[in-house]
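I opened my notebook to look up a few things in this structure. Here is what I jotted down as I went.

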Amino acid sequence: QVQLVESGGGLVQAGGSLRLSCAASGRTFGSYVMGWFRQTPGKEREFVAAINRGGSSIRCADSVKGRCTISRDNAKNTVYLQMNSLKPEDTAVYFCAAGSDFTAYASWGQGTQVTVSS
C-alpha cells in the first residue's frame, strides 16, 4: 500500500490559483492511477480529477473543467493539482488517492484544506 501526503492548501481569494501536491512513498508510484477528491462538511467526497499511470489520460469533473490541471512526475513520486479561477464553492478538504483504475482507489492521504474567500 502506498502512503500519500498532500500539501499546498491554504487560504486564497476568489479568482486566485493554487497548486496542490501529493507525495507518495514507495517505488511503485508509477503503477497507480492517481486521483484528487474533495469534501466539505456534511457532504460526500467528490471526484475532482484523475490521471493514468503514464500521464497520458486525464479526467476532470465538470465542476472544475477548464480550471483544473492534473499532472504527475513519476520520478518524484508526486502528483499535482493546479486549480485556477478559484471560487468560494471550491472550498473543501482536498484528498489525493491511489488506485488500480479510474474508479477504484485503495489508498488515501490525510487531506489538505483549501479555503477560497469571496
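**Entry 1: a buried arginine**

I looked up Arg-38 and found that Arg-38 is buried, with a relative accessible area of 6%. Buried means under 20% relative accessible area, exposed over 50%, and partly exposed in between, using a 1.4 Å probe and protein chains only. A note for myself: this is a predicted model, where local features need pLDDT of at least 70 and side-chain atom pairs count only at pLDDT 80 or more, while totals for chains, interfaces and linings use all residues. Residues are numbered from 1 along each chain as its sequence is written, and side-chain values use heavy atoms, with hydrogens and water left out.

Arg-38 sits in strand β4, residues 33-39. Strands here are DSSP runs (E, at least two residues), numbered from the N terminus.

What does the side chain of Arg-38 join in a polar contact? I found Asp-90, at 2.8 Å. (A polar contact is a pair of N or O atoms within 3.5 Å; within protein, one must be able to donate a hydrogen and the other to accept it, and residues adjacent in sequence count only if both atoms are side-chain atoms.) Leaving out residues up to four places away in sequence, Arg-38 also touches others, including Glu-46, Met-83 and Tyr-94; contact means heavy atoms within 4.5 Å.

**Entry 2: the cores**

Next I checked the largest nonpolar core, which has 29 residues. (Such a core is a set of buried Ala, Val, Leu, Ile, Met, Phe, Trp, Tyr and Cys residues joined through side-chain atoms within 4.5 Å.) Leu-4, Met-34, Trp-36, Val-79, Leu-81 and Tyr-94 touch the most other members. Several strands each supply at least two residues of this core, among them β3 (18-24), β4 and β9 (92-101). I also noted a second, separate core of six residues, including Ala-50 and Phe-102.

**Entry 3: the disulfides**

How many disulfides are there in the whole structure? My search turned up two, counting cysteine sulfur atoms within 2.5 Å as a pair.

One joins Cys-22 to Cys-96, S to S 1.9 Å. Cys-22 is in strand β3 and Cys-96 in strand β9, so this pair ties together parts 74 residues apart in sequence. Cys-22 is buried at 0% relative accessibility, and Cys-96 is buried at 0% too.

The other joins Cys-60 to Cys-68, S to S 2.2 Å. Its torsion about the S-S bond is about -130°, so I wrote down left-handed. In sequence order, the bonded cysteines pair 1-4, 2-3.

Definitions and conventions. Helices (H or I, at least four residues) and strands (E, at least two) are DSSP runs, numbered from the N terminus.
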